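Thanks for coming, everyone. I'd like to walk you through one model today. Have a look at it first.

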Amino acid sequence: MPDPRPATAPGILKEIFGYPAFRGRQAEIIEALVSGRDCLALMPTGGGKSLCYQIPALLRSGTGVVASPLISLMQDQVAALKELGLRAAFLNSTLSSRETGAIERALVAGELDLLYVAPERLLTPRCLELLGRTRIALFAVDEAHCVSQWGHDFRPEYIQLSVLHERFPQVPRIALTATADPVTREEIVERLRLRDAGIYVSSFDRPNIRYQIVEKANAREQLLDFIRAEHALEAGIVYCLSRRRVEETAVFLNQQGIRALPYHAGMDAPVREANQSRFQREDGIVMVATIAFGMGIDKPDVRFVAHLDLPKSIEGYYQETGRAGRDGLPADAWMAYGLADVVQLRRMIAGTEADEQFKRVGAAKLDAMLGLCETAGCRRARLLDYFGEATGSLRPCGNCDTCLDPPEVWDGTIAAQKLLSAVYRTGQRFGAGHVIDVLLGRSTDRVSQWRHAGLSTFGVGTELSDQEWRGVARQMVASGLLAVDHKAYGALKLTEASRAVLKGEQPVSLRKQAPRARPAKKKRLAAFDGLSAAEAGLYERLRAWRADTARVHGVPAYVILHDATLRDIAHLRPGSLEALHAISGVGARRIEAYGEEILSLVNGATGV
Ligand code: ADP
Ligand code: ZN
C-alpha cells in the first residue's frame, strides 16, 4: 500500500526527499510545470535538476516520462527513486521481453510515478502507441543540449523529440541542461517546439569548487602530490588529452598505490563500461579519462577534477570541473598547465582542415581559456564573467588559488625584450627550449651546430632560471606577444604586437611563478571538516554501515544516503527518530527503512 502523499511541493520535498528547502529556482520551475506550462531549466551540474520534474510528476496525475540518453544512469536513478518509496521504472534494451511487458502493463494501468526511456526508444511506434493509452503527467527531456547540432553531444534522435509536442499537445514538457550559452538555449526552444516556455537560468557559480591552476613542471608528480595531500582515498577524475596519456597515467597512479582506472573511446566497450560502473559504485576510485568520459557522470561525491592537459575552451573546462562536488561539499578543480600545452593547442587549431571561421572561433576560445590560466585576478570572477554573469561587478571569491594566494606581478619588459630578440636573432625557427638555452648561454650541440654562441643575445638572460624563462615565454605566447609557427614544429616567431615591446613602447607585466614545490597543506577529507575526533569515528562507522547496506541492496552507496547527510548525523548525533528526520537528506522512507539502525549506531557512539 503506497503511503498517502503530501499534496504540496514543499511537503514532498521534506517528506519524500528529506530536504528542508528548495534551491535556486527549483520552486518556480516546479510551480510552472505543475500548472501545465512548458519550461526550460538551465542549471549547473549539481544544481538539482532532477527534482524539477520529479516533484511535478508526483503532484500531477499520471506518469512522468523522462527521456534520458544514458542507459547506465537510468538504472541508478530508478534505484534511487525506489529507495525513496516511489514507483519508478525504466525501459531500455537491457530488459527481457517479460520485464518489458510487466513495465508496459504497469504504465498503462497508471501504476508508475516515473518512467525513464532512452530517446530512440521513446520514438518507436510501439512506444508512442503505448503512451497514447497512458495518462501522462509530463515529459522531461534531460540533457536537452543534445538537440544542438553545433554542440559536442549532438544526438540526431533528440531533434525528433518534437513529435511529443505533436502527439501530446496537452502534456507539459520540461527541457533540462547544464549548458549555459544563449545559442544552445534558443536551439532547444526551437527544436523541441517549447511553446511560450518559462525559461529559468540559474547562476552557474559552483561556490564549493575551489579552482587552482598550477604551473606545469613534472605534471605526474605534481598530480600525485596533489592527490596525496588533499584527496587521499577520495573519488576524483583526471582528464588527459590523449588515450596514451590516459593509460600511462592510470598505470603510474596504481604503481603509487592510488586506485585508478582508465577510460577512453579506444577501449573495448565492456571494459569501459565496467570501469565506469566501478567508479560510480565503489568508494574512492580515481578515473583517468579523456573527455569521452563525460555526460552522465552522476556521482555526487567526486571530490576533485584534475586536468593534466589544457582544455580547448572555457566551456569544456567548466563542464569537466563541474563534475566535482555535486553534493555541495568542498571539492577541487586542479590543473597543471605549461608552455607545451599552449604550443600544442595553438598548433592543433591552426593545423585543422576546417575553414577559416572555424579556426578563428577555435583560436578565440583558446585565448579565453589562456586568459583564465594567466590571470592574476579571481578565477571564479573570470569564469562567471565569461558566461555573461554580472559583468564587472563580481567580487573576488576567496575560494580560488589567486584569491587565497595572490600572485605577484613584476615588470617583465626587459625579460620580454631579451626573449623576443633571442627569437629574432636565432631566425624564428626554434622552439622555446633552444631559445632559452641561448639566453642562458648554454653550450649545447645545437648551439654549436648553429653557431649561436656568437649571437649578441647569447648568455644575456642568466638572471632568470630555465623554468622562469619558460614562464615568460608561456605568458607571452598566451597573450599574443609571441606566436607559434605550426608549420615549423612549434618554432617561436614574432607577431605584430612584438614590435612595440621591442621598441620599448609597450611595457609587459608578468605573473611571478609560484614557488615550485609548495609545502603540502595537510588537509583532511572534505567531509571531516569541522568534526571532532569522536564524530569523525562515528562518521566512519556510518560509512561502513552504508557500504554494507548498499551492497545488500545492489545500489551505489550514495543512493542509501549522501556523505553530507552522514556527516550531519555524525555531527548532530540525533537521539530520536524525529531528530533524525529533521536532518537534510533523511526522508520518511529512510526513517522507516534505516532509522533504528542509524540511531543504534549513534547511541553506540555516545555510549548511552
Ligand atoms: P543535476 O542533475 O542538476 O546535476 P541533481 O538533480 O542530480 O543535479 O542534484 C544534485 C544533488 O543535489 C542531488 O544529490 C540532489 O539530491 C541534491 N539536491 C537537489 N535539490 C536539493 C535541495 N533542494 N536541497 C538539498 N539537496 C538537493
Ligand atoms: Zn577567487
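Start with helix 22, residues 466-478. At 1.5 Å a residue, its 13 residues should span 18 Å, and its end C-alpha atoms are 18 Å apart, so the two agree. The expected span is 1.5 Å times one less than the number of residues. Helices here are DSSP runs of H or I, at least four residues, strands are runs of E, at least two, and both are numbered from the N terminus.

A word on the source. This is a predicted model, where local features need pLDDT of at least 70 and side-chain atom pairs count only at pLDDT 80 or more, while totals for chains, interfaces and linings use all residues. Residues are numbered from 1 along each chain as its sequence is written, chains are lettered from A and ligands numbered from 1 in the order written, and side-chain values use heavy atoms, with hydrogens and water left out.

Back to helix 22. How many of its 13 residues are buried? The count is 10. Buried means under 20% relative accessible area, exposed over 50%, partly exposed in between, with a 1.4 Å probe and protein chains only. Among the buried ones are Trp 469, Arg 474 and Met 476. Just after the helix, Gly 480 takes a positive phi of about 85°.

Now salt bridges: a side-chain nitrogen of Lys or Arg within 4 Å of a carboxyl oxygen of Asp or Glu. The structure holds 38. Arg 474 pairs with Glu 215, closest N and O atoms 3.7 Å apart. That pair links distant parts of the chain: Arg 474 is in helix 22, Glu 215 in strand 8, 259 residues apart. Both Arg 474 and Glu 215 are buried.

Helix 22 also holds Arg 470 and Asp 466, four residues apart, so about one helical turn separates them. They form a salt bridge too, at 3.8 Å between the closest N and O atoms. Arg 470 is partly exposed, at 30% relative accessible area. Asp 466 is partly exposed as well, at 26%.

Last stop, the zinc ion, ligand 2. Which residues coordinate it? Cys 378, Cys 397, Cys 400 and Cys 403, each through SG, at 2.3 to 2.4 Å. Donors are N, O and S atoms within 2.8 Å of the metal (3.2 Å for Na, K and Ca); water is not among the atoms, so sites may look incomplete. The donor angles run from 100 to 119°, which makes the arrangement tetrahedral. For four donors, that label needs all angles between 85 and 135 degrees. Both Cys 378 and Cys 400 are buried.

Technical notes: Four donors count as tetrahedral if all angles lie between 85 and 135 degrees; four count as square planar and six as octahedral if opposite donors are over 155 degrees apart and all others between 65 and 115; anything else is irregular.
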